[in-house]
Number of protein chains: 2
Amino acid sequence: MIYFCTFAKKKENLRAYNYLHFIHHSFFMSTHTTLARIPDSSLPRIVIVGGGFGGLQLAKSLHNVAAQVVLLDKINYHTFQPLLYQVATSGLESSSIVAPFRKLFGSQKNFYFRLAEVQQVHPEKNELTTSIGAIRYDYLIIATGATTNYYGMADIEKYAVPMKSLNDAILLRNHILESFEAALQVESHEKTNSYMDFVVVGGGPTGVEVAGALSELRSHVFPQDYKELDLFHMDIHLIEASPRLLNGMSDEAGNNALKYLKQMGVEVKLNTGVKSYDGETVTLSTGETIKAKTLVWGAGVKGSPLNGLKTESIVRGNRIKVDEYNKVAGHDNIFAVGDVACMQTAETPNGHPMVAQPAMQQGVNLANNLKKMIRKETNLRPFKYFDMGGMATVGRNKAVADIFGFKFGGFMAWAVWLFVHLMSLVGFKNRFFVFINWLSSYFSYDKSNRLIIKK
Amino acid sequence: MIYFCTFAKKKENLRAYNYLHFIHHSFFMSTHTTLARIPDSSLPRIVIVGGGFGGLQLAKSLHNVAAQVVLLDKINYHTFQPLLYQVATSGLESSSIVAPFRKLFGSQKNFYFRLAEVQQVHPEKNELTTSIGAIRYDYLIIATGATTNYYGMADIEKYAVPMKSLNDAILLRNHILESFEAALQVESHEKTNSYMDFVVVGGGPTGVEVAGALSELRSHVFPQDYKELDLFHMDIHLIEASPRLLNGMSDEAGNNALKYLKQMGVEVKLNTGVKSYDGETVTLSTGETIKAKTLVWGAGVKGSPLNGLKTESIVRGNRIKVDEYNKVAGHDNIFAVGDVACMQTAETPNGHPMVAQPAMQQGVNLANNLKKMIRKETNLRPFKYFDMGGMATVGRNKAVADIFGFKFGGFMAWAVWLFVHLMSLVGFKNRFFVFINWLSSYFSYDKSNRLIIKK
């Protein structure tokens, strides 16, 4: 108690003393060591790498397990990726689609978070090399998700804006707004136009939603913001290599999305790829060129596995091959869930779609299996994916949905989309703030977070 | 109308056509040129540099004047500085204390915003050199505000965290949270402590409010977030060179603030200056040293005038000498308002306090005088400062206020502080979101925006 006395004397204040006395007891007791590494324990240690949908769900589902649950992530918050595009297009503030891990797990006694980047896994000694030193594990779960796939095109990687992280979204928002500020400064029509023209690559949900949101900025927000510009010259191009949009969904969904985008004045090019981009000119597979200062890249993702796994466990799309229990091929106590995991079954020869649902469902199933493993039970349950369907929104009152086999669009799909995304958001305050944002935007036609925030 | 037809053809879509037809007409007409510089006009041009409290109020008050009102700022939003400290301490999201200029002035016909940094004023040719080229003015209003004053101490400037802009606040928030994450990694008590100890320099409102907010993080948030750390070792020091806190306010206010801070376990050192800081160790004027990884600098500001003004017009504190009409000494059509303006009167020999009130009142008065000048009227009204008093908050239910001569503290002052700041916020949505934030924080004792957001 030596600290205690010195501290109290130092404070020379009774109330401070009492209050700190309380603090001291309640927390000195709760930890075996005042040093700050993960406390040693007789309990098995489950280390989860990555706090996306899969890792988060897994950690939550382990709340009642007699184990140390350690979550490692290189950022300190969970990101609700489906709404990133609304941050990028000034519809939502970044803070309302993220939630700090320590806040989410504040009350979970067996949980430890560490802000760390994992450099390498050493299966032979059950240890990770990380930016904060070596971390031992009994069970390792890789939930590192996916990263943008540029398919080896260095120029695209250099000049395009991706849409995978909160930083990407803020970067794109800055880029869009700065382009319009810049458009006010240049003297030639051609230059002005190239600042006002946007090329979105990839006809998946991200591409469709970004293109739609840009069109709403053009019709409802920028005319007011940039009176001196002739918005007549703002072109939005959506480029998709395949013959249709939203390949993950039904033909009806793809066709409706296409119809809505055309109604909103987006120029959609199907069966068209991107050959090159130098920051000024986009060259398409058709040979056609488009002058645009902004190219948004939503054309693909690939798994981002850890270094140190057996080579045979990395398969197509840079994903990790796992069995029906999410166990990594060739390892006994290493598992993978979510986008990075590729579970090749009869129904899913190329693994599950790289979206939130399979990740979260795998998290729950793996949590139950880990409980059994720790209790030395053998009746593990194989993963069964329950596909609830997919949704994408294009604009106000315009969305497409395939849910439980029902295919529908328009206002109904849009309402369902809003409701489902609102309910899926982490944290009541986030749900409330996003709801208010959407409500006010719906009636005001405004997107109010038009901030260029940068160092 | 050549664009129009090609465009319609290009879109090949009737609804897009119609809607763009509408856009085209409503906006093509509203501007004389499709080129994007500030339109030429026979109206006099009033150029305002800086969109802080003074510049914003001035531009708003000029809404009904037959002139071009041009606002230049190097960021695209107005910042409500009094609440920066709550962003820095995770209490508020950054987006709720800022408002994009273009949103604020969307409906003001005579208003033009340009994202630009002003490099130099050329009074002889009524022109500014800026990052976006030369800009002509008939009347120039300098509202460039103040910047952090390190009093020439290079080491402080290098290692300390200032509290003047939104970026500063986000930087400080990152710094505080990263320090605690780092505290979890180091092995020696001494190191751990230096990450958990904070030195706040300057006993003005900023310093008092930051120190108070840090104490609330210590008592209500970090115990939950950092179970493995012994918060008993988190020290908060507030260093003030003068014999009392809150020099701008009454003795009662200063004494109450001191009392509250001590109750909250903040170690306040009066009559003490800071000699040096190397990022690890703070050396005080008393010779005492404190090991701390974080030093928050709220010890002073200085004016940030423009280059190119007559030397005699720059006075004490790097401010611009103005007469009772806010006209800059030695210039006829150049004015200064707010922190950067130093109006030396009998009551204010050193100019007005560098806070929001005088800035906004000067903005209103100058706007009225400019209207008269444009109408060639001579009955200009000299500026009279109406001091409503001052306020500072220390913690929940703990604030001090001197309002209209009444001096009071505690819950009452705190409630008034909340109300006044809420009402002064720009934009209804901001007010609403801040209100909800404060409400939920009050009952949950939580500060929910604990995000480390960085490139």
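1. Let's start with charged pairs. There are 24 salt bridges over all chains of this predicted model, where a salt bridge is a side-chain nitrogen of Lys or Arg within 4 Å of a carboxyl oxygen of Asp or Glu. Side chains of opposite charge can pair when their charged atoms come close. Two notes on reading what follows: the model is predicted, so local features need pLDDT of at least 70 and side-chain atom pairs count only at pLDDT 80 or more, while totals for chains, interfaces and linings use all residues. Residues are numbered from 1 along each chain as its sequence is written, chains are lettered from A and ligands numbered from 1 in the order in which they are written, and side-chain values use heavy atoms, leaving out hydrogens and water.

2. Which residue of chain A pairs with B:Glu228 in a salt bridge? The partner is A:Arg114, at 2.9 Å from N to O. This pair crosses between chains: B:Glu228 sits in the loop between α9 (205–225) and β13 (236–239) of chain B, and A:Arg114 in strand β5 (residues 111–115) of chain A. Helices (H or I, at least four residues) and strands (E, at least two) are DSSP runs, numbered from the N terminus. Both B:Glu228 and A:Arg114 are buried; buried means under 20% relative accessible area, exposed over 50%, and partly exposed in between (1.4 Å probe, protein chains only).

3. Now look at B:Lys269 and B:Glu288, whose side chains form a salt bridge of 3.7 Å, N to O. The pair links distant parts of the chain, 19 residues apart: B:Lys269 is in strand β14 (residues 267–269) of chain B, and B:Glu288 in the loop between β16 (281–284) and β17 (289–291) of chain B. B:Lys269 counts as buried because its relative accessibility is 17%, whereas B:Glu288, at 35%, is partly exposed. Elsewhere, salt bridges that share partners join A:Lys103, B:Asp225, B:Asp446 and B:Arg450 into one network.

4. How many disulfides are there over all chains? A search of the whole structure finds zero, a disulfide being a pair of cysteine sulfur atoms within 2.5 Å. As for individual cysteines, A:Cys342 is buried, with a relative accessible area of 2%, and B:Cys342 is buried at 2% too.

5. Next, the nonpolar interior. In soluble globular proteins, nonpolar side chains tend to be buried together. A nonpolar core here is a set of buried Ala, Val, Leu, Ile, Met, Phe, Trp, Tyr and Cys residues joined through side-chain atoms within 4.5 Å. The largest has 102 residues, and A:Phe222, B:Ile48, B:Ile141 and B:Leu370 have the most contacts inside it. Helix α7 (residues 166–183) of chain A gives the most to this core, with nine residues. Apart from it lies another core of 101 residues, among them B:Phe53, B:Leu166, B:Leu245 and B:Ala413.

6. Finally, a pair of helices to find in the viewer. The axes of helix α12 (residues 410–424) and helix α13 (residues 428–444) of chain B come within 9 Å and cross at roughly 155°. Axes are lines fitted to C-alpha atoms, for helices over the stretch in contact, and angles run from 0 to 180 degrees between N-to-C directions. The two helices are therefore roughly antiparallel (angles under 35 degrees count as roughly parallel, over 145 as roughly antiparallel, 65 to 115 as roughly perpendicular and the rest as oblique). Residues making the contact (heavy atoms within 4.5 Å) include B:Trp414 and B:Trp417 of α12(B) and B:Phe435 and B:Trp438 of α13(B).
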